[in-house]
Amino acid sequence: MAYNLLKGKKGIIFGALDPKSIAWKVAVKAHEEGAFFTLSNTPTAKRFGQIDELARITNSEVILADATNLDDLNNVFTKSMEILGGKVDFVLHSIGMSLNVRKKKVYNDLDYNYLMKTLDISAISFHKLLQVAYKLDAINNWGSVLALSYVASQRTHYGYNDMADAKALLESIARSFGYIYGRERKIRVNTVSQSPTLTTAGAGVKGVEGLLDFTNRMSPLGNADADECANYCIVMFSDLTKKVTMQNLFHDGGFSSMGMSLRAMKTYNKGLDIPIDID
Ligand SMILES: NC(=O)c1ccc[n+]([C@@H]2O[C@H](COP(=O)([O-])OP(=O)(O)OC[C@H]3O[C@@H](n4cnc5c(N)ncnc54)[C@H](O)[C@@H]3O)[C@@H](O)[C@H]2O)c1
């Protein structure tokens with residue numbers, strides 16, 4: 001059901017690869033809610049993914065860019081303003097990649113060249129995007145910028161590897177740049193910390209199936225899926241959240257506030273040599 005929450009708003013959505021991508025779901029819902037936007041991803045993603053299909057469904061144009069490249073980002077914002085006929089109201093950064101994870105390098109045996117790439121692609125690209133948009137004055141007053149994060153930025157999660165460090169930096173950039181954007185332009189900058197989700201990036205996390213089951217059982221409301229994440233992003237892009245900024249917003253069914261659930265305690269106890277009674 002659509003509510004016209006983004007009627008007439010213009011935006012840029014980075015990171016839609018295929019129909020499983022969180023950014024794909026955001027694009028579909030933003031279109032349903034009345035927004036006009038451009039899509040951006042890398043040339044490799046265009047070759048191996050389905051972004052042209054998304055552009056067709058949402059009546060939008062694709063502008064190819066490596067989000068670590070300042071010239072590419074300049075081009076994305078400049079072209080988007082030409083295509084959309086003015087400044088944008090919302091931007092989604094839905095970008096993440098770790099070569100250490102891909103090449104199965106564990107956290108105590110990181111390749112530092114890969115680590116630099118992880119940080120550049122998954123976090124510093126957010127700063128670059130914000131800086132390019134700031135210099136071009138490409139975002140309207142009361143606009144909204146979002147990036148996607150994960151709870152491993154703040155709590156250790158085995159297997160999330162150097163992406164945890166990237167997400168910690170990403171969340172910090174949202175606060176630091178959020179202050180400047182808020183003060184100077186009345187624009188909000190936030191991160192949404194999403195439940196584990198079975199996307200191409202999500203599937204790369206070590207032991208992801210077990211993790212999904214664990215977080216689903218541990219979260220009072222269960223895991224949030226990609227569609228639900230997209231709904232939350234739409235609300236964050238709408239005028240209903242104008243005073244929310246510099247926040248890391250958990251969208252995880254309550255997982256991040258849990259310590260131990262009754263069910264998890266019972267399961268744990270069953271595995272002990274001498275079980276303890278729990279009521
Ligand atoms: N899937 C999860 O479990 C989960 C949970 C929390 C947060 N997130 C975050 O959500 C975001 C989107 O991931 P997703 O799960 O939808 O997976 P996805 O694989 O569909 O999206 C990741 C995107 O990053 C893009 N990308 C990689 N390198 C890039 C570069 N140099 N320049 C521009 N784009 C580049 C890819 O092409 C891809 O479209 C990521 O930031 C991810 O860390 C995912």
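**Exercise 1. Find where Asn59 sits, and work out whether Asn59 is buried or exposed.**

Step 1: Asn59 lies in the loop that links helix H3 (51-58) to strand E3 (61-64). Keep in mind that you're looking at a predicted model.

Step 2: Now count neighbours. Asn59 has 9 C-beta neighbours inside 10 Å. The cut-off for exposed is 12 or fewer, so Asn59 counts as exposed.

Step 3: Check the backbone too. Phi of Asn59 is near 55 degrees, which is a positive value in a residue other than glycine. For background, most residues other than glycine have a negative phi.

**Exercise 2. Work out how far apart Lys87 and Ala138 are, in sequence and in space.**

Step 1: Start with the location. Lys87 is in the loop between helix H4 (70-84) and strand E4 (88-93).

Step 2: Along the sequence, Lys87 and Ala138 are 51 residues apart, yet C-alpha to C-alpha they are 4.9 Å apart in space.

Step 3: Look at who else is around. Leaving out residues up to four places away in sequence, Lys87 touches Met81, Ala138, Ile139 and Asn140.

Step 4: With 17 other C-beta atoms within 10 Å, Lys87 is partly exposed.

Step 5: Zoom out to the whole protein. Of the contacts with a separation of 6 or more, 72% are between residues 24 or more positions apart.

**Exercise 3. Which residues touch the most other members of the largest nonpolar core?**

Step 1: This core has 68 residues, and the ones to pick out are Ile13, Ala27 and Cys233. Helix H7 (residues 163-185) gives the largest share of the core, eight residues.

Step 2: Take Ala27 as your example. Not counting residues up to four places away in sequence, Ala27 touches Ile13, Ala16, Phe37, Leu39, Leu54 and Thr58.

**Exercise 4. What is the radius of gyration of the protein, and what does the globule rule give?**

Step 1: Get the overall picture. The protein has 11 helices and seven strands.

Step 2: The radius of gyration is 19 Å, close to the 19 Å that the globule rule gives for 279 residues, so the protein is as compact as a globular protein of that length.

Conventions: Residues numbered from 1 in each chain as written. Predicted model: local features only at pLDDT ≥ 70, side-chain atom pairs only at ≥ 80, totals over all residues. Helix = DSSP H or I, 4+ residues; strand = E, 2+ residues; numbered from the N terminus. Rg over C-alpha atoms; globule rule 2.2 N^0.38 Å. Contact = placed C-beta atoms within 7 Å. Core = buried A, V, L, I, M, F, W, Y, C linked by C-beta atoms within 7 Å. Buried ≥ 20, exposed ≤ 12 C-beta atoms within 10 Å, placed from the backbone.
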